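Please read the following note alongside the sequence and the model. Each numbered point takes up one part of the structure.

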Amino acid sequence: MVSKHRNETIRKRHRFEEKTGWEDINDPVRDRASHKLRALVASAIVFAISLFYLDHIFQIQINDHELYTTRAEDNRIRVRPIEPIRGNILDRNGTILAESFDTFDIVAKKEKIVSEENFIINAKKVFKFEKLEVDRLKKEFKNKKLKEITLQKNTSMEEFTKLSVDQYLLPEMELIVKSNRRYVFPESTSHVLGYTGKLSENDFDSTVEIKEGMTSVGKIGVERFYQNLLSGSPGFEKLETNANNEIIRVLEKKSATRGSDVYLTIDIKLQNYTYELLKGQRGSIIVMNPHNGDILSFVSHPGYDINLFARGISSKDYKKLLQDKANPLFNRALIGQYPPGSTIKPFFGIVALEDGIIDKSKVFACTGAYKLENYKRPFKCWKKDGHMDVNLSSAVASSCDVFFYRLAEVSGIDMIHEKLQKFGFGEKTYIDLYGEKTGLLPSREWKNQSRQTAWYPGETLNVGIGQGYFLATPLQLANATSLLASGGSSVTPHLFLRSIDRVNNEVSNFNYSDNKNEIEIDTESLHVVNEAMWRVIYDKNIGTASHIKKIDSLEFAGKTGTAQVYNLDKGKTGKKSLQDHALFISFAPFESPEIVVSVIVDNGGSGSAVAAPIARDIINFYFENIKSKVAMQ
Amino acid sequence: MRYTTDEFSGISSILKIDLKLFAIVMIIVFLGMITLFSVSSGDSSLMVKQGIRILIGLVAMILLAQIHPDNFRLFSPVLYFGGIFLLVLTIFFGVGKSADRWLDLYFLRFQPSELMKIFVPLMIASFYSDKSLPPKFKNLVVAAFIIIVPGLLIAKQPDLGTAILITTSGVIAIFLSGIRLVHIFLGLAFVIGAIPFLWSLMYDYQKSRILSFFSPDQDVLGSGYHLVQSKIALGSGGLFGKGYMNGTQSKLDFLPENHTDFIFSAFGEEFGFMGVLLLITLYVLATFRGMSISIKATDNFSRILSGTLILTIFLYVLVNVGMVIGILPIVGAPLPFMSYGGTSMLTVFAALGIIMSIKSHQRLMRK
């Protein structure tokens with residue numbers, strides 16, 4: 001059989017060869033060898049390419065493994081921060097000034113909404129939407145970027161409970177919890193508390209600690225200064241999401257830690273009372289305890305509604321505040337810089353006595369003006385006819401300018417600059433608020449640097465009566481006055497009383513023992529000046545504030561000041577913005593002072609007529625309503 | 001009368017299949033199925049569908065293995081021109097999402113281009129079976145036409161990936177037929193010269209795919225997104241992988257087409273480099289086994305056809321893997337024996353059936 005088949009094949013080939021000739025004849029052996037070679041070459045190529053591929057895959061899977069692992073994790077893991085509850089701010093008696101509360105945004109996820117039409121119809125029913133709201137919903141449906149429809153923002157729990165009766169109509173409703181800040185006394189406490197706002201770029205290069213996951217931060221005031229205490233720590237949820245950003249599961253969860261509650265030294269009753277006293281005026285009032293630095297009242301009027309900021313102020317409202325002529329956003333108590341005027345006289349008096357420039361019986365004659373060599377115009381006393389012969393005590397009580405011109409001329413600017421520093425002029429008080437201004441205690445050096453001119457003797461005279469370049473903040477005046485009241489124990493004014501960690505209820509009190517720094521004030525000199533300040537109110541003949549109503553139960557001391565604005569003659573202009581600033585510093589009770597009150601009314605007129613009665617009312621209110629309550633407790 | 005070889009016995013002799021090649025391929029199929037199970041997160045409907053396709057493929061393979069290679073040669077012109085006819089029909093009546101690749105015959109929807117993956121090598125092998133080898137230039141030109149006509153028709157659909165693959169498989173057939181080196185260089189020069197012309201014929205999405213291949217990170221959510229996610233899947237797998245059913249890229253849908261074109265990445269994510277090494281080795285072994293069958297075949301037709309078919313299958317592996325690892329542009333080519341999809345599975349099993357037919361019907365060689 002085999003041979004027959006072979007013979008057949010050979011015969012076929014012979015026939016083929018005859019037909020086509022030798023050249024075209026396939027040689028099976030050669031074809032086979034050629035094919036084998038090519039097949040082996042192909043196999044080698046297959047092998048080589050495979051190695052090349054494996055090398056490339058090795059690069060991806062082994063060498064770049066970490067890189068791609070990170071990217072895979074980035075793909076699937078979303079970290080969702082959990083905002084902590086911000087601590088409350090309370091006054092010294094535990095009255096809440098600022099509190100956190102939850103509101104809810106009612107939303108509906110688009111993918112859960114079956115029928116857009118029915119949804120809108122039902123939403124209309126449940127929320128009693130008007131056309132405007134319906135249009136907003138339709139817009140949100142059209143916006144492909146939005147994954148959910150917002151039905152109602154900032155809903156309280158009670159409101160939602162009412163709405164949820166109709167939940168069967170809108171089963172798609174979901175709640176998103178939002179933490180909000182509410183200020184109970186938004187205007188009177190505005191310049192103390194400040195406000196919180198959305199975290200912004202600027203917050204990162206500041207002293208506050210920005211923790212991952214925080215979205216809001218104290219922007220100003222106590223909210224800012226005690227941000228780290230109040231904020232607590234955000235928690236987070238590590239979520240696994242798929243490519244459509246749908247949450248598959250929670251991988252890890254850490255709850256947020258509530259912020260500490262902060263108690264302030266402020267007494268809100270006093271704060272509100274003092275705020276009201278400035279109604280219709282621009283100005284500031286500070287009430288502080290001279291022995292420990294507690295600020296009982298810290299007012300800058302007008303204030304503004306800090307709740308607007310907490311909710312996220314509209315640009316319209318913000319513009320309105322900015323354009324308000326009374327400048328409500330300006331914290332006068334902290335950054336307002338005023339010529340201290342005659343309120344500087346007690347301090348200048350003390351350093352002059354201490355330095356032996358005068359003694360308490362030294363008498364200068366006041367003829368209503370003081371002539372300085374090379375100056376054509378005389379330096380006027382506020383009293384045209386003059387005060388006749390005055391010593392330091394009567395000069396303070398009657399606020400004689402000529403006496404202090406003379407004293408300034410004798411002392412010289414260098415002495416004034418050097419010695420007045422001990423009362424804190426020209427320097428921050430370091431109260432626990434950011435942005436405090438230093439005021440200006442002028443010196444030759446300062447003038448040289450800032451004006452590139454020499455110091456003129458006439459300028460010394462102006463400084464001697466708290467005018468000229470001299471500037472002080474209301475806070476500095478209160479701080480300096482407290483040194484007179486305490487007899488030299490220097491305390492840093494502060495708003496912080498204590499904080500309570502809401503996790504373990506641990507109380508941290510203000511460290512009073514570190515807040516005392518005795519400075520040397522000569523007792524005799526202090527006595528002379530304090531008595532002169534008593535005379536301001538009680539010496540019927542010469543006291544500049546002797547006309548005000550007295551307080552039955554106690555005596556107090558003070559000093560009026562009328563700071564000239566733009567060097568105009570006092571009160572002559574009818575234009576309010578150019579009128580003098582009215583100042584008054586005081587402490588009470590006179591024998592053993594417990595509070596210091598400093599009042600400044602911008603362009604208020606004279607200190608004795610405008611500022612002194614305000615201080616008197618505050619002292620009265622304090623000892624009638626606050627002090628007695630404290631005693632009773 | 002029957003001729004048997006030493007390895008030709010038992011059930012495989014009755015079914016006329018090559019046990020070694022079959023075993024290797026079935027391991028690959030198994031790996032494909034478990035990967036499919038993982039990426040579908042246990043959705044058994046995909047598994048069932050794919051299982052049915054594999055069964056159909058196996059049946060087709062066994063049926064084709066029974067047919068004598070001479071019959072393939074005899075019918076090759078009919079099959080080839082029939083395929084061309086269907087391609088022309090597809091241009092006019094084709095359906096499909098982005099490209100008209102599918103022909104809807106009401107009872108059956110299929111891609112005629114898929115048929116050409118086998119018919120083109122078949123036609124070349126058959127054309128050269130009675131020509132003197134190495135082929136003369138005249139016969140090379142004819143072969144080039146056999147390749148280029150379906151190539152252009154498929155590119156017109158537009159399905160550039162398949163067009164290039166089919167053209168390349170034709171070129172492989174010509175190479176195996178014993179083309180002279182001179183002609184190889186001539187051909188290369190021609191192809192390089194044709195590239196600008198082809199580029200101008202391309203659709204924008206094809207161009208953007210090729211461009212995205214060169215800078216995949218530039219448009220992460222656009223056309224480069226696929227490759228970026230594929231590399232992340234592979235790279236995060238590391239040496240031993242994330243473990244079976246633990247792939248995050250594939251299971252959370254970051255890896256697109258994770259059960260079709262990018263199944264290799266899904267596999268590599270869960271089984272790591274070791275798994276990839278095993279898989280590539282299996283494909284190489286299958287190719288080597290096919291080449292060994294081709295070398296042992298007794299006539300030019302069988303040699304060229306079996307060699308071309310197995311190399312074409314390997315070419316598909318190279319194109320698919322090359323595209324998911326960023327060596328080649330994303331053209332949309334399935335991974336043989338693994339990717340989810342009916343047509344491709346049927347084609348590769350059919351090719352396997354023809355190879356097995358050649359293996360089991362070969363005459364004994366004289367020593």
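Predicted model: local features only at pLDDT ≥ 70, side-chain atom pairs only at ≥ 80, totals over all residues.

1. Residues are numbered from 1 along each chain as its sequence is written, and chains are lettered from A and ligands numbered from 1 in the order in which they are written.

2. Chain A contains 21 helices and 23 strands; these are DSSP runs numbered from the N terminus, with helices being H or I of at least four residues and strands E of at least two. Of the 633 residues in chain A, 41% are buried (20 or more other C-beta atoms within 10 Å of a residue's own; 12 or fewer is exposed, in between is partly exposed, and C-beta atoms are placed from the backbone).

3. Helix 16 (residues 401-420) and helix 18 (residues 457-464) of chain A pack at about 105 degrees, their axes 8 Å apart. Axes are lines fitted to C-alpha atoms, for helices over the stretch in contact, and angles run from 0 to 180 degrees between N-to-C directions. The two helices of chain A are therefore roughly perpendicular (65 to 115 degrees; under 35 is roughly parallel, over 145 roughly antiparallel and the rest oblique).

4. Two cis peptide bonds in chain A deserve attention. One joins A:His301 and A:Pro302, with omega about 0 degrees, and A:Pro302 lies in the loop between strand 12 (295-301) and helix 11 (306-311) of chain A. Another joins A:Ala588 and A:Pro589, with omega about -10 degrees; A:Pro589 is in the loop between strand 22 (581-588) and strand 23 (595-601) of chain A.

5. A:Asn603 is not a glycine, yet its phi is positive, at about 50 degrees. A:Asn603 sits in the loop between strand 23 and helix 21 (607-632) of chain A, and counts as partly exposed because it has 19 C-beta neighbours inside 10 Å.

6. The contact between the chains draws 37 residues from chain A and 40 residues from chain B; residues are in contact if their C-beta atoms, placed from the backbone, lie within 7 Å. Helix 2 of chain A gives the most to the side of chain A that touches chain B, with 20 residues.

7. In chain B, helix 6 (residues 137-155) and helix 7 (residues 160-176) pack at an angle of about 165 degrees, with axes 8 Å apart. These helices of chain B are therefore roughly antiparallel.

8. Helix 2 (residues 19-39) of chain B has 21 residues and spans 30 Å from its first C-alpha to its last, close to the 30 Å expected at 1.5 Å a residue (the expected span is 1.5 Å times one less than the number of residues). Its buried residues include B:Leu21, B:Phe22 and B:Val39. Among the elements covering the buried residues of helix 2 of chain B are helix 3 (44-66) and helix 12 (263-296) of chain B. Just after helix 2 of chain B, B:Ser41 has a positive phi of about 50 degrees.

Notes:
Contact = placed C-beta atoms within 7 Å.
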